[in-house]
Amino acid sequence: MATDKSSMQLITNGILNENPIFRLVLSMCPAVGISTTVMNGFMLGIAVLFVQVFSSLTIAIFKNVIHPRIRIPTYTLTIATWVTVIDMVLAAYLPEAYAKMGIFIKLIVAFAIITMRLEMFASKETVSASFFDGIGMGLGFMAGMMAIGFVRELLGLGSLLGYDLLGFKPMLFFVLPLAGFFCVGLMMGFFNYIETRYKSAKRAQA
Amino acid sequence: MKMIAMLRRVWPTSLFLLLLIPAFAWAGSIAGQRFGAADEIVLTFGAAPEQTTATNPQNYSVHEEADPDIRLAVSAASLGSDGRSVTLKFAAPLNTLKPHVVAVTGQGGESIRVAKSYLGYLFGILVSALLINNFVFTKYLGLCVFFGTSKRKDTAKGMGFTFLIVMVVSAIMSWFFYQFILKPFQLNFLQIVVFIGLVSLTVQAVDTVLRKVNPVLFNSFGVYLVLVIANCVILAVPLILANNEYNFFETVMLAVGAGGGFMLALYLMASVRERLELANVPRSFRGVPIAFIVAGQFALAFLGFSGLSIF
């Protein structure tokens with residue numbers, strides 16, 4: 001079964017329509033836990049993008065060989081392998097960023113989004129479609145993380161990407177780890193509000 | 001063979017459990033010892049010591065039992081009003097979870113071990129994982145499942161209970177694999193693969209056993225089993241216990257604390273969300289967004305546990 005969507009549609013689908021963080025509400029742990037700055041979001045986004053793309057590729061290539069009864073453990077082990085790879089690469093080449101991520105890099109294994117994409121998409125579609133879907137989902141995750149990081153860094157520290165923009169700290173509260181809950185909740189509510197306004201405007205037009 | 005090796009590893013701990021609490025009265029003139037405030041050790045002498053020697057910080061040398069090379073600086077020693085107890089003040093707060101050794105040089109090289117009771121320490125791990133470092137509200141782990149299954153109290157109880165069982169079983173298995181296979185053969189880089197594999201295995205095993213043994217229970221809890229694999233906490237616990245080199249008892253305590261803490265968080269959240277269904281929430285905040293804000297408030301409340309220290 002091949003999807004009729006083009007590669008570009010698959011990528012934008014992951015970023016907008018099925019954004020892992022704001023639309024599917026999956027992989028919330030990092031979105032709350034380490035989204036204090038844009039850079040953190042970007043780094044973890046890269047790691048997730050890597051794992052998602054390569055796991056999707058692996059499963060798409062071997063989908064006909066995997067017995068349906070043991071597919072979930074197979075997915076998990078595939079993801080674990082790729083996570084081990086990125087874990088060791090980051091630990092070797094970017095030790096500072098790795099120290100900031102803490103345990104979350106290893107926990108990518110348990111992010112629901114990756115397993116879900118393997119189950120829903122890569123195990124049914126062609127290799128190239130899975131590749132673009134993986135890129136879309138990874139970029140969507142990265143965009144979500146960076147959006148949360150943007151709000152928290154700007155409001156909490158008054159800076160972006162480490163550069164001091166405002167010169168003062170508007171709401172230091174947002175740097176506190178637990179403010180992630182409030183931040184994600186408020187942003188989701190905001191996006192929902194925009195969506196309902198957009199839809200009602202469309203309906204009024206029609 | 002494995003059993004023997006395990007027994008050998010565990011027996012010092014069990015012996016330690018027997019020795020328990022502060023009754024190490026073997027040291028001659030020092031009758032008692034305990035931790036005072038975060039940067040204090042209080043020694044009680046059998047006979048009143050001479051004031052000048054007892055209050056000279058130079059006469060004491062203190063180190064953590066694990067690192068004899070690192071001497072901790074005693075900044076002041078003061079004699080208590082009863083004339084027998086000496087309070088040692090340190091420049092930096094002590095890690096009171098670790099046993100310390102105090103050597104009194106003025107008393108003929110006598111040394112004494114200062115430690116909290118081991119049961120208290122184990123209990124401390126449990127309470128810490130349950131409340132102080134609750135995995136959901138202060139470590140932000142397991143949130144997908146947390147928000148997914150906290151809509152109703154029944155669901156929350158089922159999920160929490162299933163999770164607790166899988167958690168304890170898989171943590172014990174992970175400890176075993178880590179201590180006897182990964183570490184001896186230097187396969188530490190396989191941690192993630194092995195731990196997640198063990199979790200999947202446990203889930204599959206609980207699934208099969210429960211289906212045969214108690215079909216009623218399986219019908220109510222079976223659906224949550226698959227969700228357990230997608231929960232970060234289940235992988236975080238083996239990683240933490242491997243990082244901290246926990247022994248068997250500490251592992252069990254951490255697993256029970258983590259599972260219990262998750263159950264507690266789910267149940268609290270479900271209680272609030274059942275009431276939220278009836279509340280008049282602004283339309284764009286209905287469902288998940290308001291749940292996030294409630295969770296944030298819970299996290300604020302759990303911040304209050306952070307100063308808690310028992311024993």
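Start at Val109(A). Setting aside neighbours within four places in sequence, Val109(A) is in contact with Ile79(A), Ala80(A) and Val83(A), and with Ile192(B), Ile196(B) and Leu235(B). Contact here means C-beta atoms, placed from the backbone, within 7 Å.

A word on the source. This is a predicted model: local features need pLDDT of at least 70, side-chain atom pairs count only at pLDDT 80 or more, and totals for chains, interfaces and linings use all residues. Residues are numbered from 1 along each chain as its sequence is written, and chains are lettered from A and ligands numbered from 1 in the order in which they are written.

Next, the core. The largest nonpolar core has 122 residues. Val109(A), Leu235(B), Val237(B) and Leu254(B) have the most contacts inside it. Helix 7 of chain A, residues 127–157, gives the largest share, 11 residues. Another core lies apart, with 13 residues, including Val62(B) and Leu88(B). A core is a set of buried Ala, Val, Leu, Ile, Met, Phe, Trp, Tyr and Cys residues joined through C-beta atoms within 7 Å. Buried means 20 or more other C-beta atoms within 10 Å of a residue's own. Helices are DSSP runs (H or I, at least four residues), strands likewise (E, at least two), numbered from the N terminus.

Now chain B's hairpin. Strand 5 (74–79) and strand 6 (85–90) of chain B run antiparallel, joined by 5 bridges. Pairing takes at least two DSSP bridges. Ala76(B) stands opposite Lys89(B). Between the strands sit 5 residues, and Gly83(B) in the turn has a positive phi of about 80°.

Last, the interface: 36 residues of chain A are in contact with 33 of chain B.

Technical notes:
Buried ≥ 20, exposed ≤ 12 C-beta atoms within 10 Å, placed from the backbone. Contact = placed C-beta atoms within 7 Å.
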